[in-house]
Amino acid sequence: MPFPFLSPAQVRATRFPRKRGKGYDPAQVDAFVLRIADALAGRVPLPPDRVRTIVFTEIAGGYDQRAVDDFLAACEHQLRSGHVPPTTLQTGEAVLAVKLPRSPNGYDRGEVDAFLGRAAAALDGRGRMTSSEVRHTRFTTTSGLRRGYQVRAVDALLDELEQELRFRGR
């Protein structure tokens, strides 16, 4: 059975079941999965053999080893092939149509909305934005009564936007 190709955002969003007994250390696995997502996005080099040879500490209540190993095998295959699937953000309208969930401790909505407005214009040829600019963008976080956008959802959208701009040679 062929492995499905995943976008960097899909890799970042991957969650694994936990075991009652010993399983892989979640902190180690999560950190390595983020590195894989960065490698698929073209941000950092990661040799496919490193994915094959990674060793995680086993702890009580850790991640199910088989689920993690199967996921890593798919990622290794994708890194070897060099394939990253196309994004869904091919127009400014697609960017603006994304509904971001709100969170009490999230990114400032005004800042995010302004940035996404500029990104939408750039995708439609009415402005200029680079993948590097997306990668280095930082937003203020909210707290208390001011609700912001959920950090994980915004980061996933930025990953996809960065990938689209890379495909366009920006």
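This is a predicted model: local features need pLDDT of at least 70, side-chain atom pairs count only at pLDDT 80 or more; totals for chains, interfaces and linings use all residues.
**The loop residue**

Begin by selecting Leu-89, which sits in the loop joining α4 (65-81) to α5 (92-97). Is this residue buried or exposed? Leu-89 counts as buried because its relative accessibility is 2%, and the cut-off for buried is under 20%. Although 79 residues separate Leu-89 and Gln-10 in sequence, their C-alpha atoms are 14 Å apart in space.

**The largest pocket**

The largest pocket has a volume of about 290 Å³. To find its centre, select Arg-12, Ala-13, Arg-15, Leu-34 and Arg-152, the closest to that point among the 15 lining residues. Then colour α1 (8-12), α2 (26-40) and α8 (151-167), the elements that each give two or more residues to this lining. By class, the lining of the largest pocket comprises seven nonpolar, two polar and six charged residues. Now show domain 1 (8-81) and domain 2 (92-168); both contribute to the lining, so the largest pocket lies between them.

**The second largest pocket**

Finally, turn to the second largest pocket, which holds about 200 Å³ of space. The elements supplying two or more of its lining residues are α7 (131-135) and α8. The largest share, four residues, comes from α8. Select the lining residues, among them Arg-12, Arg-43, Tyr-107, Phe-139 and Asp-155. By class, this lining has four nonpolar, one polar and seven charged residues.

How values were computed
Residues are numbered from 1 along each chain as its sequence is written. Side-chain values use heavy atoms; hydrogens and water are left out. Buried means under 20% relative accessible area, exposed over 50%, partly exposed in between (1.4 Å probe, protein chains only). On a 1 Å grid over the protein atoms alone, a cavity is a set of points where a 1.4 Å probe fits but cannot get out, and a pocket is an open set with protein on both sides within 12 Å along at least five of seven lines; lining residues have an atom within 4 Å of a point. Grid points are joined across faces, edges and corners, and a volume is the space filled by probe spheres set on the points. Ala, Val, Leu, Ile, Met, Phe, Trp, Tyr, Cys and Pro count as nonpolar, Asp, Glu, Lys and Arg as charged, and the others, Gly among them, as polar. Domain bounds come from an automatic or database domain assignment.
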